[in-house]
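Trainee: I would like a close look at one part of this model: the place where the two chains meet. Please take me through it and set it in its surroundings.

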There are 2 protein chains.
Amino acid sequence: MTSAAAAGTGAAEGTPRGRPRSEAAELAIVGAVLRLLDRGGSLGGMSVEGIAAEAGVGKATIYRRWPNKEALLLDVLVRTELPEPEYVDGTVRDVLVEIMEFFRMAALARRERSTLTLLDQFRAVPELHQRYLDQVIAPRRARLRKLITRGMERGEIRADIDPDLLGDLLVGPMLTRTLLHPDAGLDDPTLSATIVDTLLQGIAPVASGT
Amino acid sequence: MTSAAAAGTGAAEGTPRGRPRSEAAELAIVGAVLRLLDRGGSLGGMSVEGIAAEAGVGKATIYRRWPNKEALLLDVLVRTELPEPEYVDGTVRDVLVEIMEFFRMAALARRERSTLTLLDQFRAVPELHQRYLDQVIAPRRARLRKLITRGMERGEIRADIDPDLLGDLLVGPMLTRTLLHPDAGLDDPTLSATIVDTLLQGIAPVASGT
């Protein structure tokens, strides 16, 4: 879990955007947005002027990197996401547990930082919300679907289940515990394995299961 | 599902708050908040003055009913929730499917109205978010836990499962499909039964399940 546990700016990696000096300006701008949010600023009320002033750069420095405010804000959100790990090729059970651990770590990290607020604010702005769904959530869902489908092909998962529904069953508890029941125990290190094993075995008593 | 399917103002029912004239003023005030939100207003930027002006009442009319803006906003949110049905006393499987149908209908109704935005805005204001969790979500979770525990006592659900985790597994897919995958099919009338049956049977192939 080393790669998943390390907080990082994964989205920016592998995408060189110029000289180190440029990267420093970029980080200053991203940091400025996060500080403004931490102080209770809203995405709607945030202006490129205000962000530039907080970052100590000119507006042109921002527009050289992002075409508009929305693109900058999406980039800020993506940079606060944990980078998704490369999954090892084990049994489906083990790979799913590893993925759940990634979601658990991401949810815990989100609780520590202002990301939850940022994400909530994104949801309140339909255009930003859609960008987040398309560029962050949809690719993640596609990867999970692929892993589940592979498990079905190998005979480790029943083939008559909708892979997307299974994805929702796996991710759902992490989301409810982030948004609805923050005290319900995302800290539990056995949570991921318990979710996967409960789904594999089913909740009906074994006697009536066959 | 008649009671669950009917959109209503359940929170206000059974709580007489004065004469009909008073109720009309109350509805005008609640309607004013919803209109302000529909127009893109934020909870933080909303003032009692602004709400009173939109509703065509005086500030005193608002303060006679709600001690402060937060109490009014929570009441607006509660009124946009569907009333939870009284569950029939059938098999745990049937009762759980009925509960899931309630959550599905609630999620669909939320998608039609501005409630999602309202809920998002609540999340962005910690104090309002906490009130919503305490007064709306926690009692709902407690009811679900009670039903699951009863199913365990009757031998219909494995007794070695954490009832709260099972609650999260049930509700999770409705939440992911509301927030993360709005196109993934909350409209499917078989979704609730599929979720419950998948959880009961488990996702491991039957041959390796015993």
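Mentor: Start with how the copies are related. The model is predicted.

Now the interface itself. On each side the count is stated: 43 residues of chain A are in contact with 43 residues of chain B. Together the two chains bury about 4200 Å². Carbon and sulfur atoms carry 70% of that area. Three residues stand out on the side of chain A. Arg158(A), Leu180(A) and Ile203(A) supply 18% of the area that chain A buries against chain B.

Next, the polar part. Between chain A and chain B, 16 residue pairs are in polar contact, with both residues at pLDDT 80 or more. The rule also finds 2 salt bridges across the interface. Arg177(A) forms a salt bridge with Asp168(B). The closest N and O atoms of that pair are 2.6 Å apart.

Which elements of chain A give two or more residues to the side that touches chain B? They are α7 (115-124), α8 (126-153), α9 (163-179) and α10 (191-201). The most comes from α9(A), which gives 12 residues.

Chain A has 10 helices and 0 strands. Its pattern along the sequence is α-α-α-α-α-α-α-α-α-α. Of the 210 residues in chain A, 51% are buried. Take the contacts in chain A with a separation of 6 or more: residues 24 or more positions apart account for 67% of them.

One residue of α8 deserves a look. Lys146(A) lies in helix α8 of chain A. Buried or exposed, where does Lys146(A) fall? Its relative accessibility is 65%, so Lys146(A) counts as exposed, the cut-off being over 50%. For a distance across the chain, pair Lys146(A) with Glu26(A). The two are 120 residues apart in sequence. In space, C-alpha to C-alpha, they are 34 Å apart.

In chain A, helix α3 covers residues 48-55. Its buried residues are Val48(A), Ile51(A), Ala52(A) and Ala55(A). Around the axis they cover an arc of only 100 degrees, so they sit on the same side of α3(A). The spacing fits a general rule. An α-helix has 3.6 residues a turn, so residues three or four places apart point the same way. Just after α3(A) comes Gly56(A), with a positive phi of about 75 degrees.

In helix α3 of chain B, residues 48-55, the buried residues are Val48(B), Ile51(B), Ala52(B) and Ala55(B). Seen down the axis of α3(B), they fall within an arc of 100 degrees, so they line one face of the helix. Gly56(B) follows α3(B), and its phi is positive, near 70 degrees.

How values were computed. Residues are numbered from 1 along each chain as its sequence is written. Chains are lettered from A and ligands numbered from 1 in the order in which they are written. This is a predicted model: local features need pLDDT of at least 70, side-chain atom pairs count only at pLDDT 80 or more; totals for chains, interfaces and linings use all residues. Side-chain values use heavy atoms; hydrogens and water are left out. Buried means under 20% relative accessible area, exposed over 50%, partly exposed in between (1.4 Å probe, protein chains only). Helices (H or I, at least four residues) and strands (E, at least two) are DSSP runs, numbered from the N terminus. The arc is that of the directions from the helix axis to the C-beta atoms. Contact means heavy atoms within 4.5 Å. Buried area is the accessible area (1.4 Å probe) that two parts lose on being put together, summed over both. A salt bridge is a side-chain nitrogen of Lys or Arg within 4 Å of a carboxyl oxygen of Asp or Glu. A polar contact is a pair of N or O atoms within 3.5 Å; within protein, one must be able to donate a hydrogen and the other to accept it, and residues adjacent in sequence count only if both atoms are side-chain atoms.
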